[in-house]
Amino acid sequence: MMQLVTPADVEALLVDGLDAPCRVCAAAPPDDMPDSLACVTSLGGAAHTEVSFEHDVSVDVYAGRGDDYAPAWDLCEGVARALLSLPLSSDEVRAADVTAPPYANPDPRRPERPRVTFRAEIVARGKPIL
């Protein structure tokens, strides 16, 4: 009998499993935003195999103040390295890759906080539903 699966919650998987040099949150930054933060947002994806899914994610990295983007660039490099170093297993993450290089991405809601963004792809095992 074929196993039916639903995609894993990739945002939660990364919030819990990413050994980043800063706090990691899902989607939008919290109101009590710390000095350095990475926010992971799922952008969708597709089936990879019968039991795993490719997840496209955007990672927004905040650090520094004003027009000085150097801290955000440095932190972004650390977050991307942590993503590429995710432990691979047959139970959760099967592959991780950066698919678009980092770029300065000013946040209109927080113009005083430099933000650098990159895109990634995570292949993860789905969760059984039957």
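## Tyr103 and the β5-β6 pair

Tyr103 stands opposite Thr117 in β6. β6 covers residues 115-125, and eight bridges join this strand to β5. The two run antiparallel. Strands here are DSSP E runs of at least two residues, helices are H or I runs of at least four, and both are numbered from the N terminus. Two strands pair if DSSP finds at least two bridges between them.

This is a predicted model: local features need pLDDT of at least 70, side-chain atom pairs count only at pLDDT 80 or more, and totals for chains, interfaces and linings use all residues. Residues are numbered from 1 along each chain as its sequence is written, and side-chain values use heavy atoms, with hydrogens and water left out.

## The sheet

The open sheet has five strands in the order β2-β3-β4-β6-β5, with mixed pairing. β2 (23-26) and β5 (93-104) each have a single partner strand, so one side of each lacks a neighbour in the sheet.

## Arg113

Arg113 sits in the loop between β5 and β6. Arg113 is buried (under 20% relative accessible area, 1.4 Å probe, protein chains only; exposed is over 50%, partly exposed in between). Arg113 has no salt bridge (a side-chain nitrogen of Lys or Arg within 4 Å of a carboxyl oxygen of Asp or Glu). The nearest side chain of opposite charge is Asp35, 5.0 Å away; Lys and Arg count as positive, Asp and Glu as negative, and His and the chain ends are not counted.

A polar atom of the Arg113 side chain lies 3.4 Å from the backbone oxygen of Gly64.

## Asp16

Asp16 lies in helix α1 (residues 10-17). Its relative accessibility is 69%, so Asp16 counts as exposed.

Notes. A polar contact is a pair of N or O atoms within 3.5 Å; within protein, one must be able to donate a hydrogen and the other to accept it, and residues adjacent in sequence count only if both atoms are side-chain atoms.
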